[in-house]
Amino acid sequence: MKKNKKSFPLKPVLLLSASALLLLGSTIGSTRAALTYYSENYSVQVNMPSIGVTLMENGKEISSKNYTDSGEWAETKGELLSDMLGKDGKLTPGKKYEEKLSVKNSGNIDTFVRVIITKSWQDEAGKATDLSPELIELNLTGNGWEQAKVASSPERLVLYYTQALPAGETTPELSDTIRIDNKIAEMVTKQVSPDGKTIQYVYDYNGYTFHLDAEVNAVQTNNAKDAIKSAWGVDVNVSSDETSISLQ
Amino acid sequence: MRIKFDKKPVLLAAAALALTATLSVGSAMAYFTAHSEASGAVQLNIGFTETEVEETVDGDGKHVVINNIGDYDCFVRVKVFSVIDVDYKPTGSWRDGGDGYWYYDSVLPAGGSTEELLVTFEYPKNTEEDKKEEFNIIVVQECTPVVYDAEGNGIADWNRVITSDSTD
């Protein structure tokens with residue numbers, strides 16, 4: 001029996017070949033497109049705006065947080081008041097000590113900044129709420145800084161720098177001195193010895209530690225009103241050119 | 001006839017919607033913000049110091065020096081009680097306050113000593129017997145902690161002084 005010879009249909013084979021070619025071509029195309037896309041993305045990333053803020057004390061950088069080009073946060077944390085007493089090493093009530101606090105814009109975009117300062121007394125057991133934080137007097141300069149009265153208390157100061165802070169610039173000092181009120185020397189307790197012959201007085205505040213905490217916040221100037229509301233939860237008035245703010 | 005819903009696609013669609021919503025919220029909050037913080041503390045070390053008077057008597061009179069034997073700086077003053085007339089020869093920072101006290105105007109640091117205040121006197125010239133009489137020149141000394149005014153100058157506030165004293 002003669003075997004029937006199968007003939008290939010030419011048309012489907014041609015169509016199949018054409019579709020395979022097209023498919024191949026389209027793949028190369030998309031690959032190229034992808035390469036182009038990533039290339040553009042990379043060039044944009046080089047110019048990525050980054051925000052950064054640094055707390056300054058007496059001209060020295062204390063703490064900072066900066067967004068780096070690699071997309072990570074670089075953070076440093078220092079200590080306040082470490083050089084306050086100098087060589088003498090004794091804290092004297094009434095004496096003014098230099099405490100110049102300011103904020104530096106360490107990013108590459110303009111920002112609005114605020115500082116929250118908390119004052120407190122502590123003993124070995126922790127926070128001493130019966131001692132008044134008002135005795136810790138941080139002298140505010142008011143030099144471009146506005147205190148949010150509603151949000152502030154004897155223990156907590158909230159200060160807004162009302163001008164936009166250009167990248168790389170430092171604000172004027174918000175404070176210049178710190179001092180423990182002389183009244184502290186009047187707060188004494190009389191102690192009489194068991195035999196009643198010796199009377200001694202001791203300072204109520206002796207051995208206590210006064211603490212100063214400062215938190216600095218920065219937010220972009222672009223679309224500042226919404227940005228500040230979102231980041232800080234407060235309503236502010238922003239000038240039309242977004243270079244200054246005022247508290248409501 | 002009752003139509004049966006397949007739960008799987010419905011759940012998947014709901015999850016997709018939730019994810020989309022989350023993405024939208026994320027982009028709305030994408031403002032550039034940064035914050036940094038720092039803390040510091042200083043211990044208050046204040047107290048009352050202790051002073052003692054150092055007296056020596058010779059032919060010139062009574063030499064008075066005050067020593068600060070405590071741990072804190074202070075200001076000192078002295079008052080002299082005597083049945084006979086006395087005179088004073090101050091050196092250094094000693095000053096007559098005009099109120100019966102002699103004030104040492106410099107801060108007396110912990111562990112330090114004042115300069116000398118010489119109290120001179122003459123024996124009564126009445127009789128030979130008078131010379132043999134004993135008499136006392138009593139020096140009373142007081143100290144007050146150093147306080148600072150608003151300008152940071154050390155001052156002695158003698159109206160506000162609270163001294164450690166003894167009935168011994």
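The largest nonpolar core of this predicted model comprises 37 residues, a nonpolar core being a set of buried Ala, Val, Leu, Ile, Met, Phe, Trp, Tyr and Cys residues joined through C-beta atoms within 7 Å. A residue is termed buried if 20 or more other C-beta atoms, placed from the backbone, lie within 10 Å of its own. Val103(A), Phe112(A), Val113(A), Val115(A), Ala214(A) and Ile228(A) have the most contacts inside this core. Among the elements that each supply at least two of its residues are strand 5, strand 14 and helix 2 (224–232) of chain A, together with strand 1 of chain B. Helices (H or I, at least four residues) and strands (E, at least two) are DSSP runs, numbered from the N terminus. Another core, of 26 residues, lies apart from the largest one and includes Trp121(A) and Phe75(B).

Strand 5 (residues 101–104) of chain A directs Leu101(A) and Val103(A) one way and Ser102(A) and Lys104(A) the other, and all are buried. This strand pairs with strand 1 (residues 52–57) of chain A in the antiparallel sense over four bridges, pairing requiring at least two DSSP bridges between the strands. Ser102(A) stands opposite Met56(A).

Between the chains, 58 residues of chain A are in contact with 32 residues of chain B, contact meaning C-beta atoms, placed from the backbone, within 7 Å. Strand 1 (33–43) of chain B gives the most to its chain's side, with eleven residues. Strand 14 (residues 209–220) of chain A pairs with strand 1 of chain B in the antiparallel sense over eleven bridges, and Gly40(B) is the bridge partner of Leu212(A).

Residues are numbered from 1 along each chain as its sequence is written, and chains are lettered from A in the order in which they are written. In this predicted model, local features need pLDDT of at least 70 and side-chain atom pairs count only at pLDDT 80 or more, whereas totals for chains, interfaces and linings use all residues.

Notes. Contact = placed C-beta atoms within 7 Å. Buried ≥ 20, exposed ≤ 12 C-beta atoms within 10 Å, placed from the backbone.
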